[in-house]
Amino acid sequence: MIKQQFFVFLLRWLASSFGMFLCISWFGTVNSPETFAAPWILYAVAGLIFSLVNSFVKPLIKTMALPLAILTMGISTVIINTLMVVVTIWLLPGVEMDLLGAALSSIILSVINALLNLLVR
């Protein structure tokens with residue numbers, strides 16, 4: 001059971017890292033590439049930070065914003081997902097992304113996570 005949970009976490013981390021690679025490459029800029037020894041480490045750290053933010057911060061925000069989600073019929077979920085991408089980019093040293101890029105990134109990452117949820121139970 002623990003091996004299965006660990007495997008699922010690694011799979012989600014890999015998917016988040018791939019998604020962050022796409023999003024940072026398309027919508028963001030890396031100002032100081034010398035911060036990380038290799039470029040893939042940046043995306044691995046970005047995926048890890050995004051996974052941790054989604055695991056710990058997002059449930060708290062979604063619980064507090066539940067009345068807003070009911071009023072907007074779920075549209076506020078896009079805003080919350082964008083906020084999670086903004087927090088992740090803020091925590092990454094040397095990476096910048098504007099709000100539109102974060103919104104588009106949240107949609108891409110949501111699609112990647114939805115596809116992963118279809119594959120992994």
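The overall architecture of the predicted model and the packing of its helices H1 and H2 are described here. Because the model is predicted, local features require pLDDT of at least 70 and side-chain atom pairs count only at pLDDT 80 or more, while totals for chains, interfaces and linings use all residues. Residues are numbered from 1 along each chain as its sequence is written, and side-chain values use heavy atoms, without hydrogens and water.

The protein chain comprises 5 helices and 2 strands (DSSP runs of H or I with at least four residues, and of E with at least two, numbered from the N terminus). Their order from the N terminus is α-β-α-α-α-β-α. The radius of gyration, taken over C-alpha atoms, is 15 Å, close to the 14 Å given for 121 residues by the globule rule, so the chain is as compact as a globular protein of that length; the rule is 2.2 Å times the number of residues to the power 0.38. Along the principal axes, the C-alpha atoms fill a box of roughly 45 × 40 × 20 Å. Of the 121 residues, 36% are buried (under 20% relative accessible area, 1.4 Å probe, protein chains only). Among contacts (heavy atoms within 4.5 Å) between residues at least 6 apart in sequence, 74% join residues at least 24 apart.

Helix H1 (residues 2-27) meets helix H2 (residues 39-64), their axes coming within 7 Å and crossing at roughly 115 degrees; axes are lines fitted to C-alpha atoms over the stretch in contact, with angles from 0 to 180 degrees between N-to-C directions. Residues of H1 in this contact include Phe-9, Trp-13, Met-20 and Phe-21, and those of H2 include Tyr-43, Leu-48 and Phe-50. By class, the contact has 10 nonpolar, 5 polar and 1 charged residues (nonpolar: Ala, Val, Leu, Ile, Met, Phe, Trp, Tyr, Cys and Pro; charged: Asp, Glu, Lys and Arg; polar: the others, Gly among them).

Definitions and conventions. Buried means under 20% relative accessible area, exposed over 50%, partly exposed in between (1.4 Å probe, protein chains only).
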